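The following questions and answers examine the structure shown below.

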Amino acid sequence: MGRFILRRLIHGLIVIMGVTIIVFVVTRMVGDPVKVMLPLESTLEQRAAFEKKLGFDRPIYIQFVDFMGDIARLDFGDSLWQHRPAMEIVFEKLPMTILLTVVGIGLACIIAIPMGIIAALRPGGIVDRITVFGSLLGLSVPQFWLGLLFIVLLAVQFRILPTSGSATPSHLIMPALTMALPTLARLVMLVRSSMIDELNQQYVKTSFAKGLPFIRVVGVHALRNAGLPVMTLVGWEVIRALAGYSVIVETVFAWPGIGLTAIQAIEREDLILVQAIVFTAAISVVLINIAMDFIYKLIDPRLKLT
Amino acid sequence: MKVSQNIPLLEVKDLLVNFYTRGGVVQASRGVSFQVGYGETLGIVGESGSGKSVSVQAVMGLIGTPGQIESGDIRFKGRSLMDKAGQKFVHKVRGKEISMIFQDPMTSLNPLFTIGTQITEVLHHHLDMNKNQAQKRAVELLELVDINAPEKRLKQYPHEMSGGMRQRVMIAIALACEPQLIIADEPTTALDVTIQAQILELLTDLQERLNVSVILITHDLGVVAQLCHRVAVMYAGHIIEVGEVDKVFADPLHPYTKGLIKATPSLDNVTERMVSIDGVPPNLITPPPGCAFSPRCEHANEGCNKSQSLKPVGDDRFVCCKYAIEEA
Amino acid sequence: MTNKNNIEQAITENRYEWLGKLKELGQELRRDKAGLIGVVLITTLVLVALFASYISPHDPTEQDLTARLVPPAWYEKGSMDHIFGTDHLGRDILSRSIHGSRVSLWVGTSVVLLAGSFGVVMGLMAGYLGGRVDAFVMRWIDTQVAFPGLLLALIILAVIGPSLTTVVVVLSLNGWMVYGRMTRSAVLSVKQSPYVEAAEIVGGRWPRIIFRHILPNLTSPLLTLAILEFARIVLAEAALSFLGLGIQPPATSWGLDVAVGKNYMFMAWWLVTIPGCAIAITVLAVNLVASWLRLISDPQEREKQFARHMAGRMRKQLNLKNEKELARS
């Protein structure tokens, strides 16, 4: 058990290191940070002084070592755009993204799981047909366009919801729906096909032969087996959202999460904030991955905790 | 070996089961009839695809799409299972008075639940036992099937056990509610020969002790000889010969049965070449009219093209063959 | 003598084998309506993209400030000159959408080819060579998969400067892993099989074994994967262009058009809807083709689908029967 956690942590560390190195290299070697941070009219001496102050004149490997030390203390420096500690901004915006993700994906699960089960149980029925056709459609529609359509329809035509921002709970509805739809489409297809596969398995026949009631066979025996790949997908969707894919929804609805902040930081060439956000995203991904592995070992007795 | 009471425990009459596939309609069971008495073990032998599993699954109500029971009657203890009331009766009876053991114990058990749960859920559902009673009974059942350290086993998962042990667990589950009829669909086919022997010994022992009726499906004539009172031979969706095991093996009437027995290697005639029956079983989407075996039969003539049925030939002996009846 | 004739005969028969297979595919398509629609749409799309300059009624970059924000033809103020209307600079929406298809198809194809080739090669090496090569490649894949892909893509694009080429490169960098994993597992499952062992014993060297024995088994699942990835890449490019870090003006891209149209969304909905529809239809067509391919390449799947179809019919019959009985009683 201990070895398992250790191995996953080391792997996670490699990932985080890899990500930060890439960002470090890209921002420092390809772009010119000093040019970005100073106003255009700065003279050469001002530039040199600034470089010295920030340590950009030192050899790159020394800069890197210092950088590593800093991030270990979660000190990325002050955001060039908002002039306060970058991590502070991150911690402010992260909960908004988490809220959006949880509500959006939660909504998708609540709808998709019963729908997929019913589709599997009643082949050719109306739920089945809607599932297959609807999810194909849902996967083909670009998320940003969907969000805009929602805005045009619900906020403008029918005036039921606000157009953007995050002040009230009703501001959450459209972004969450937009977040939910692609996940819903993928999830419902997976639930349906997993349930169909499980219902064809021998142990289901045995369970019926034992005389167990239909609800128990389907809802307990088949469902638990079908739940494994479904859980994998849900975990993956959550990871995607926290790893930056919330950017699209947040941009369309001006939802103040880390995705929107990342885009704004990139536009303003605020490399410090960008680094902080990428680091946070990488950590979230790693932590959630470890948590998922853990949950699997708990549920599936065939996996050994090594 | 008690065969008592006048109404048979299970009676199947003219069972017709079809499977609707892309290639056509497969007539898996084309008018199957047989009976099982109280305390009797009936063996059903036949090649793969002869319809053995389908017929007994129909009894248990386990035929799912794309299969369908087209017609026929199934009576358990005199009550028909085919009408509306019968359907409800099946639900009560399944798992409690009739239970089933399948061929592959690994896939027959749910990998995510402990053995204990898979045994006790039957007890909870059918016998309304509470947790303690069910645990006790589960331990009893595991002891009954010769599994050591039963308390420990209850907490184990299927993948932690060997094939033979899993099959014993399946038997334990089948016995849980003291059924009157156990249907064993090729219970030893997926096991090693040595384990096969152990399971068969167990089944013999249980049969003697508990006086339960058994339908044993197998393609192994040796198993039939060891365990069964009567045997029914199936070919291409039909039962073509029924009778007491000793009599059928000593004096097979149907040419197919004769071929089967000849094809079974014996330790006495080691030097002879292995005998097989020429040809292959017919395609069940387009079965031949009349006797399905006639294309491969050396005694066939034009009369065999007309449909045949089981006719009695002597004491508790039936055969479905014009030639055999004429010879007798 | 006879041997040579037999071989010649076999070769000539083989030559027309692929023609026969094409005919079979055609028959399959006629049976599966959804797949047929998908293939027809895709073909139309490819043709539109190829002949864009000839088909589009206007030059997509041609501005006409006298005809700004003209609504589509079925509105009062619309005209047949601009069937889907114009944008804020008077550019014809239809022409822009037609030319936008070129970008999407180009990006999709290039990324699939680039990422696919790299991924397949890595997967082949990892699967066939095993040992440390395998461990290294898998470690690399596992690590890169855990990267926050979109964020990194945005950063890299912002720093290097977004353009058609950089978008293709970045999307390929992000997307090769799935081919690697799939190829590796396919190789591993085939490696065990007796005929590969036999080829090795006879003295076959590994490049040859890979290409002659292992690759043919891969083509079917690989094709389905490539098509699904194509759809994903089209959506990804649109998203990147929408965020401003993909294709840059004056080039046309569907995503870019939606981004620009967003500002006029409330008064001129066609700016946003038409390009968005184009994306949706393209991706839908690709997805339809992908599910059709998956269906025909796996006979079990088809049997399952048939069984479900039969199950549906039988249930309906049963319901009808029950209704009749209820009506009678």
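Q: How many residues does the contact take from chain A and from chain C?
A: The model is a predicted one, in which local features need pLDDT of at least 70, side-chain atom pairs count only at pLDDT 80 or more, and totals for chains, interfaces and linings use all residues. Residues are numbered from 1 along each chain as its sequence is written, chains are lettered from A and ligands numbered from 1 in the order in which they are written, and side-chain values use heavy atoms, with hydrogens and water left out. With contact defined as heavy atoms within 4.5 Å, the numbers are 50 residues from chain A and 41 residues from chain C.

Q: What area is buried between chain A and chain C?
A: Buried area is the accessible area (1.4 Å probe) that two parts lose on being put together, summed over both. Carbon and sulfur atoms give 79% of the area between chain A and chain C. On the side of chain A, Pro123(A), Phe144(A) and Trp145(A) lose the most area to chain C, together 16% of what that side buries. The total for chain A and chain C is about 3900 Å².

Q: Which residue forms a salt bridge with Asp197(A)?
A: A salt bridge is taken as a side-chain nitrogen of Lys or Arg within 4 Å of a carboxyl oxygen of Asp or Glu. By this rule, 2 salt bridges cross the interface of chain A and chain C. In the pair that includes Asp197(A), the closest N and O atoms are 2.9 Å apart, and the partner is Lys304(C).

Q: Which helix gives the most to the side of chain A that touches chain C?
A: Between chain A and chain C, 8 residue pairs are in polar contact, both residues at pLDDT 80 or more. A polar contact is a pair of N or O atoms within 3.5 Å; within protein, one must be able to donate a hydrogen and the other to accept it, and residues adjacent in sequence count only if both atoms are side-chain atoms. Helices (H or I, at least four residues) and strands (E, at least two) are DSSP runs, numbered from the N terminus. The element of chain A that gives the most, with 9 residues (from the range 2-30), is helix H1.

Q: What area is buried between chain B and chain C?
A: Here 7 residues of chain B are in contact with 8 residues of chain C. Carbon and sulfur atoms carry 65% of the area, and the total is about 800 Å².

Q: How many residues apart are Glu40(B) and Arg230(B)?
A: The side chains of Glu40(B) and Arg230(B) meet in a salt bridge, 3.0 Å from N to O. Glu40(B) is in the loop between strand E2 (24-36) and strand E3 (41-45) of chain B, and Arg230(B) is in strand E9 (residues 230-235) of chain B. The pair links distant parts of the chain, and the separation is 190 residues.

Q: Which residue is joined to Pro249(C) by a cis peptide bond?
A: The bond has an omega of about 10°. The second residue of the pair lies in the loop between helix H11 (206-243) and helix H12 (254-262) of chain C. That residue is Pro250(C).
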